[in-house]
Structures are given as structure tokens and as C-alpha cells.
Amino acid sequence: MTGLISVFCQDLRYRAVYWWCFPVIFVLLLVLAKENADWHSVVANSLYNVAFLLLQLAVLTVYFSFRQRKLVIITKGLLGWGDVLLLLCLAFYFSPLTYLLFYVSSLIIVLLFTLLIRLKDKEAGMKVPLAGLQALLFAILLVADWNSSFINTASDDWLLYLIP
């Protein structure tokens with residue numbers, strides 16, 4: 001939890017995160033994932049999530065390369081390495097549907113937050129603290145998971161109860 005709050009504070013303040021935060025978060029999330037499931041499930045879920053993340057990054061690369069009519073490396077100016085590394089760390093914790101749900105909903109929440117800040121302060125910088133805000137949202141989700149018998153972010157079973 002402390003690592004996630006550290007990422008949030010660093011990204012909000014400096015728009016950068018110390019690299020060593022990510023291996024620490026990765027190991028801690030892997031330990032938490034192993035507590036909730038067997039190794040086979042953790043590995044299978046991680047592979048699905050990493051494949052989804054790589055697909056997203058490939059689609060973004062193709063999209064921006066097509067728009068600019070040249071090869072665009074999205075981690076040079078469009079998406080920070082901290083954003084990618086945090087999403088990679090989270091891929092080893094979540095179950096696939098929960099990862100997808102978190103990914104999409106956190107992007108929507110960060111977009112809305114950014115729009116509100118821009119409406120309030122026209123001089124606000126163009127860099128979005130994506131990793132920091134997603135780390136904060138994940139920390140909130142973890143607290144909800146630990147304090148609720150309904151939410152289980154390491155399994156997709158709880159999502160079945162949301163579907164009528």
C-alpha cells in the first residue's frame with residue numbers, strides 16, 4: 001500500500017516515479033496474488049493480462065504511427081514508462097476480467113479528473129499523472145477488497161454477481 005501511495009505522490013509532484021518502486025510493487029502484488037490463488041492461476045491470469053496490455057500498446061503504436069505517418073514510439077512523449085510499468089505490475093495481481101475492468105474504469109476516471117483540472121486551471125500542464133492516479137485508485141480498490149466480503153480482485157467470480 002505504501003508503494004502505491006509513494007507512486008501517487010511522486011507522479012503528482014514530479015510527473016516521474018523512482019524506478020525501484022516498480023520491482024517492490026511487483027513482488028508485493030505477486031505475493032498477494034499467490035495468497036489468493038494457486039501458482040497455475042496466477043501464471044495463467046498474468047499471461048492473459050500481459051497479452052492484453054501488449055495488445056493495447058501495439059494498437060496505440062499503430063494508431064499514432066498511422067496518424068503521424070511515421071513510426072511513433074509511444075513511450076517517448078505520449079505514455080511514460082512509469083505508466084507502462086505500473087500496468088505491468090498490476091497485470092500480475094488481477095484476474096483477467098477484473099484487470100480489464102480496472103484498466104478501462106481507471107482510464108475513464110483519470111480522463112474525467114484531468115478534464116476537471118483543465119477546466120479549473122487553463123494553465124495546467126499537459127502531462128497527466130496516469131501511473132499516480134491509477135496507483136491511488138488501485139490502493140482504494142485494495143482497501144475495499146480487504147474490507148469487503150463481496151469484492152475479490154484476484155478472482156472474476158465476484159463480477160458474476162453484478163450481472164443480472
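Predicted model: local features only at pLDDT ≥ 70, side-chain atom pairs only at ≥ 80, totals over all residues.
Spanning residues 21-36, helix 2 has 16 residues and reaches 23 Å from its first C-alpha to its last, close to the 22 Å expected at 1.5 Å a residue. Its buried residues are Cys21, Phe22, Ile25, Leu29 and Ala33. Looking down the axis of helix 2, these buried residues fall within an arc of 90 degrees, so they line one face of the helix. As for what they pack against, the partners are helix 1, helix 3 (39-68), helix 4 (81-91) and helix 6 (130-146).

Cysteine 21, then, belongs to that buried set, and its relative accessibility is 3%. Because buried means under 20% relative accessible area, cysteine 21 counts as buried with a value of 3%. Cysteine 9 sits elsewhere, in helix 1 (residues 2-14). At 44% relative accessibility, cysteine 9 counts as partly exposed. In space, cysteine 9 lies 9.7 Å from alanine 135, C-alpha to C-alpha, although 126 residues separate the two in sequence.

What about disulfides? With a disulfide taken as a pair of cysteine sulfur atoms within 2.5 Å, the count comes to zero. Cysteine 9 is in no disulfide, and the nearest cysteine sulfur, that of cysteine 21, is 11 Å away. For cysteine 21, the closest cysteine sulfur is that of cysteine 89, and at 9.9 Å this is too far for a bond.

On to the rings: the structure holds twelve aromatic pairs. One of them joins tyrosine 18 and tryptophan 20, with 6.1 Å centre to centre and 15 degrees between the planes, and this pair is stacked. Tryptophan 20 has a relative accessible area of 46%, so this residue is partly exposed.

Tyrosine 93 and phenylalanine 138 make another pair, with ring centres 5.6 Å apart. Their planes sit at 75 degrees, so the pair is edge-to-face, given that planes over 60 degrees apart count that way. The pair links distant parts of the chain, as tyrosine 93 is in the loop between helix 4 and helix 5 (96-120) while phenylalanine 138 is in helix 6, 45 residues apart. Both tyrosine 93 and phenylalanine 138 are buried. The two also belong to a cluster linked by ring pairs, along with Phe52, Phe94, Tyr99, Phe102 and Tyr103.

Terms used
Residues numbered from 1 in each chain as written. Heavy atoms only, no water. Helix = DSSP H or I, 4+ residues; strand = E, 2+ residues; numbered from the N terminus. Buried < 20%, exposed > 50% of the residue type's maximum accessible area, 1.4 Å probe, protein only. Expected span 1.5 Å × (residues − 1). Arc of directions from axis to C-beta. Contact = heavy atoms within 4.5 Å. Phe/Tyr/Trp six-rings, centres within 6.5 Å; stacked < 30°, edge-to-face > 60°.
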